[in-house]
Each structure stands twice: as C-alpha cells, then as structure tokens.
Amino acid sequence: MTRWLNDDEQHAWRTFGLATRLLTDRLERDLLAAADMPPTYYELLVLLSEAPERTMRMSELAQWTNSKPSRISHAINKLEQKGWVRREHYAGDRRGWLAVLTDDGLTALQAAAPRHVAGVREHVIDLLTPEQLRQLADISQVLLDHLTGPPAEDRD
C-alpha cells in the first residue's frame, strides 16, 4: 500500500526539490560566467588540487564524483584540451591512468574559487543561522549516509 505524502510532507519535498535545482543552476551559471567552467570540471580540479602530488587515479575520480568512468574520461579529455590536466600511465596497472592537475589547472581553479565560494555564501551559508546551518549539515549527512550505504535489501 502506498503511503502518500500529507500536505506538510508534500510541501517539504517540493520546496526542497525546487530549491536544490535552482541552487545548482545558479551556482553553475556563476561558475560558467566567471571562469567558463562547469561545476563538474570545478569539482574534478578541486579533488586533484587536494590529492597528494595533485594526482589521482581516474577510477578514484569516478568514485568520488559518483560518475561513470566514461564520463570522467570525457571530462578529463576536455580538461586536457584546456591544459588544466594531463594524463599519465599508472605504473602499477597497465590499464590504469592517472589525472594530474597542471600548474595552469591550479591557476584556473584559483581564479574560479573566489566566485564559487562567494556564490555558496550568498545563496546558502549567509542566509542561514548557525543553528540552521548545523541542521542542514545533519540532514544532509542522514541523506548521504542513506544514499551511499548498502541497498535496502542488503540492510536486513
């Protein structure tokens, strides 16, 4: 039997859905306007900038971004064309590849980061009280734990 949403649940769900879509769209437009960089590229550059020697296996990038390897490969191709990333063969695995953030890529990330952070502050952080921000983090963690945990049929 279907447990339909009551009015409060429906309002919460629809408001959350619309707000997250609008926020994602706004942050994407801001990054594109400021740095000609879609959020996917920004996320990859951030991950590489935080990795030891600014290097990660392509498979790790796919895992961290919850993306298919083919999608990461396509994005890395585009980043290579811009000179922001280079590929290197992974010595420990004949089939494995590494993505390496170049100096130009780090410069591009450093140029884009202030606009992205300003957008996150303007559209999320500065709108919330410290208590609301803590609640947002708690709620997000519950959702993340659920969505990244084992499938429901494996939890029994």
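1. The largest nonpolar core of this predicted model has 25 residues. Those with the most contacts inside this core are Met37, Leu45, Leu61, Ile76, Leu79 and Val85. A nonpolar core here is a set of buried Ala, Val, Leu, Ile, Met, Phe, Trp, Tyr and Cys residues joined through side-chain atoms within 4.5 Å. Buried means under 20% relative accessible area, with exposed set at over 50% and partly exposed in between (1.4 Å probe, protein chains only).

2. Two or more residues of this core come from each of helix H1 (7-35), helix H2 (39-50), helix H3 (58-65), helix H4 (69-82), strand E3 (97-101) and helix H5 (103-123). H2 gives the largest share, 6 residues. Helices (H or I, at least four residues) and strands (E, at least two) are DSSP runs, numbered from the N terminus.

3. Leaving aside neighbours within four places in sequence, Ile76 is in contact (heavy atoms within 4.5 Å) with Leu44, Met58, Leu61, Val85, Arg87 and Ala99. By comparison, Asp93 is 17 residues from Ile76 along the chain, and their C-alpha atoms are separated by 19 Å.

4. On the overall fold, the protein has 6 helices and 3 strands. Read along the sequence, their pattern is α-α-β-α-α-β-β-α-α. Of contacts between residues at least 6 apart in sequence, 49% join residues at least 24 apart.

5. As to dimensions, the C-alpha trace spans about 55 × 40 × 25 Å along its principal axes. The radius of gyration is 19 Å, whereas a compact globule of 156 residues would have one near 15 Å. This radius is taken over C-alpha atoms, and the globule rule is 2.2 Å times the number of residues to the power 0.38.

6. Concerning the surface, 25% of the 156 residues count as buried. The protein exposes about 11300 Å², of which carbon and sulfur atoms supply 55%. Accessible areas come from the Shrake-Rupley method with a 1.4 Å probe; for residues, only the protein chains shown count as cover.

7. The protein has 19 positive and 24 negative charges, and their mean positions are 5 Å apart. Lys and Arg count as positive and Asp and Glu as negative, while His and the chain ends are not counted. Each charge is placed at NZ of Lys, CZ of Arg, CG of Asp or CD of Glu.

8. Some conventions apply throughout. Residues are numbered from 1 along each chain as its sequence is written, and side-chain values use heavy atoms, with hydrogens and water left out. In this predicted model, local features need pLDDT of at least 70 and side-chain atom pairs count only at pLDDT 80 or more, whereas totals for chains, interfaces and linings use all residues.
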